[in-house]
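Welcome! Here is a short briefing to read alongside the structure.

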Amino acid sequence: MLKLKGIAAAPGITIGPAYRFGKEEFDIVREQIKPEDIPLQIQLFEEALIQTRREILELQKRISFDMGQEEAQIFDAHLLVLEDRMLIEEVISRLKKEMVGVAFIFSEVLKKYIEVFSKIEDDYLKERTADLNDVGRRVLRNLLGKKQKSLADLQEKVIVVAHDLSPSDTAAMHKQLVSAFVTDIGGKTSHTAIMAKSLEIPAVVGLEMATTRIKNNDLLIVDGTMGTVTVNPDEETLTFYRQEEQKLKGISEKFLAVKDLPAVTVDGKTVEVSANIELPEDISSVKLHGGQGIGLYRTEFFYMNRKDLPTEEEHFQAYKYVAEQMNPYGVVIRTIDLGGDKFLSQFDIPKEMQPFLGWRAIRFCLARPDVFKVQLRAILRASAFGKLKLMYPMISGIEELNQANSILKECKEELRNEGTAFNDAIEVGVMIEVPSAAITADLLAKEADFFSIGTNDLIQYSLAVDRTNEKVAYLYEPAHPAVLRMIKNIIEAGHANNIWVGMCGEMASDATFSLMLLGLGLDGFSLNSLAIPQLKYIIRSVTLEESKKIAKEALSLSTAKAVESFMEQKIKEILG
Ligand code: PEP
Ligand code: MG
């Protein structure tokens with residue numbers, strides 16, 4: 001038995017056989033050719049490019065149908081590689097000069113391109129090496145007349161073990177036959193993680209050694225909640241996890257039974273339980289799990305995987321769609337939160353020593369009103385079609401809020417002059433995720449329509465712990481008394497000024513803390529769709545009075561560990 005620890009990317013437990021999915025190794029020999037073979041070799045190359053183009057267009061059509069236009073657009077970059085004149089001409093001229101088989105020449109040219117791209121200090125171009133690799137292998141496969149090894153050929157239910165999974169691997173996959181993903185690389189927001197969550201299967205990524213330690217048909221236990229993979233477990237471990245798997249099934253049925261009921265406590269206090277989304281396509285999962293609106297729409301994903309900037313019309317169409325789909329519930333659009341760990345090459349932002357403390361989010365938007373206004377105008381225009389609200393990320397004090405609002409006012413005036421409809425009374429909220437904002441929440445509450453607590457950043461800034469650095473992950477403690485006191489202060493300041501206070505950081509989806517947050521008076525929780533039924537179940541099982549007592553006791557404790565074990569004990573009593 002071997003236990004591997006990685007990054008928990010999508011929750012749940014699955015037990016099953018391993019299926020190693022690797023890139024096929026092509027055996028390409030350096031074959032000398034005769035001058036009369038050249039035309040045929042060029043023809044073979046052209047046919048391989050055409051065939052590859054056909055395959056990609058077909059794949060794009062299927063993905064667009066299954067997952068939406070945006071996912072399908074990822075393959076536009078692949079199509080561009082096939083039309084790259086420089087690459088094609090280099091292959092043909094080397095073929096003529098070196099008189100070697102075209103497959104060999106193409107693989108050499110491809111290698112050179114990949115090497116050059118991977119060395120460039122530009123995240124966008126670096127990412128393009130994956131596209132080059134993906135499309136290059138398709139061309140080679142077609143040149144060599146090989147049948148594609150694909151996840152579409154699976155015959156039985158398996159756990160896919162791979163170094164990494166590309167969008168075209170997962171798109172082609174036979175979805176009913178994949179019960180979990182296990183990969184060597186990737187983080188919580190990698191494509192594999194996002195895909196696993198939308199398929200509702202567990203995933204553990206960033207294991208580093210998965211493909212070197214796991215063989216085909218090894219029995220695996222994937223615990224996507226804890227981020228562990230057990231290889232060939234002993235009887236005792238297997239029995240334990242089988243019981244856990246059953247328990248989880250039973251529990252989730254209990255939660256799912258209340259998913260469409262309101263989140264109201266036994267003594268009648270109703271709170272809002274909404275979802276965090278990154279793409280308009282995520283809405284189907286929100287509806288499926290009983291989300292009462294969108295509490296955080298992370299719009300920066302709009303800017304990813306593309307070279308150009310999204311236009312006002314593109315923003316507008318996406319926001320209008322989300323607003324209409326979620327009616328009569330509200331949708332909170334967070335304005336772009338670029339920088340930190342979300343780098344976009346379109347903006348040529350210089351590398352910084354401390355990116356999380358640097359030129360990011362609202363700071364970037366205030367410095368680039370040209371970019372900011374495109375989004376604000378689109379949000380305003382879409383506000384005529386549903387219950388849209390907007391909120392600014394990373395506000396550190398009242399001046400930034402005032403500056404952002406004055407740009408918003410300019411946009412409103414422009415639209416009014418153009419005769420375009422919008423909701424003039426659109427609510428404007430502030431994310432409270434910087435300690436200075438948390439401490440001056442009483443001042444901000446006078447200017448904001450609502451607060452949304454962003455604990456992911458609030459914890460990293462108040463405890464001085466980089467949220468992406470695994471070496472200090474043990475210090476990243478949501479239950480730290482400093483964090484709890486800040487949350488209490490934010491909620492009290494909001495309520496003293498009669499504004500609504502919600503939370504959209506990951507802490508809102510951790511069942512351990514839900515009773516305490518409820519007791520502190522939080523008005524709304526915005527979380528990952530999958531966690532919604534469980535939260536509704538918890539809220540519907542307690543009285544507000546009980547939860548207030550629990551919050552009071554939790555806040556009297558002096559360490560995060562003490563708070564956590566106290567809260568775990570309380571939640572166990574409720575969940576049984
Ligand atoms: C947060 O910081 O808590 C938050 C919700 O925003 P993000 O995770 O996108 O920074
Ligand atoms: Mg944040």
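**Ligand 1 and its surroundings**

In this predicted model, ligand 1 is surrounded by 14 residues, and the closest are Arg298, Arg334, Gly454, Asn456 and Arg467. A residue counts as near when one of its heavy atoms lies within 4 Å of the molecule.

Polar contacts of ligand 1 (pairs of N or O atoms within 3.5 Å):

- A polar backbone atom of Gly454 is 3.3 Å from an oxygen atom of ligand 1.
- For Asn456, a polar backbone atom is 2.8 Å from an oxygen atom of ligand 1.
- Asp457 takes part through its side chain, with a polar atom 3.0 Å from an oxygen atom of ligand 1.
- On its own, ligand 1 has 290 Å² of accessible area (Shrake-Rupley method, 1.4 Å probe), and the protein covers 99% of that.

**Domains**

- An automatic or database assignment divides the chain into domain 1 (2-22 + 151-236), domain 2 (35-144) and domain 3 (254-575).
- The centres of domain 1 and domain 3, taken over C-alpha atoms, are 30 Å apart.

**Where domain 1 meets domain 3**

- Here 4 residues of domain 1 are in contact (heavy atoms within 4.5 Å) with 7 residues of domain 3.
- Domain 1 and domain 3 bury about 390 Å² between them, 65% of it on carbon and sulfur atoms; buried area is the accessible area (1.4 Å probe) that two parts lose on being put together, summed over both.
- The domain 1 side that touches domain 3 has 2 nonpolar, no polar and 2 charged residues, with Asp, Glu, Lys and Arg counted as charged, Ala, Val, Leu, Ile, Met, Phe, Trp, Tyr, Cys and Pro as nonpolar, and the others, Gly among them, as polar.

**Reading notes**

- Residues are numbered from 1 along each chain as its sequence is written, while chains are lettered from A and ligands numbered from 1 in the order in which they are written.
- Local features need pLDDT of at least 70, side-chain atom pairs count only at pLDDT 80 or more, and totals for chains, interfaces and linings use all residues; side-chain values use heavy atoms, leaving out hydrogens and water.

Definitions and conventions
Polar contact = N/O pair within 3.5 Å; in protein donor to acceptor, adjacent residues only side chain to side chain.
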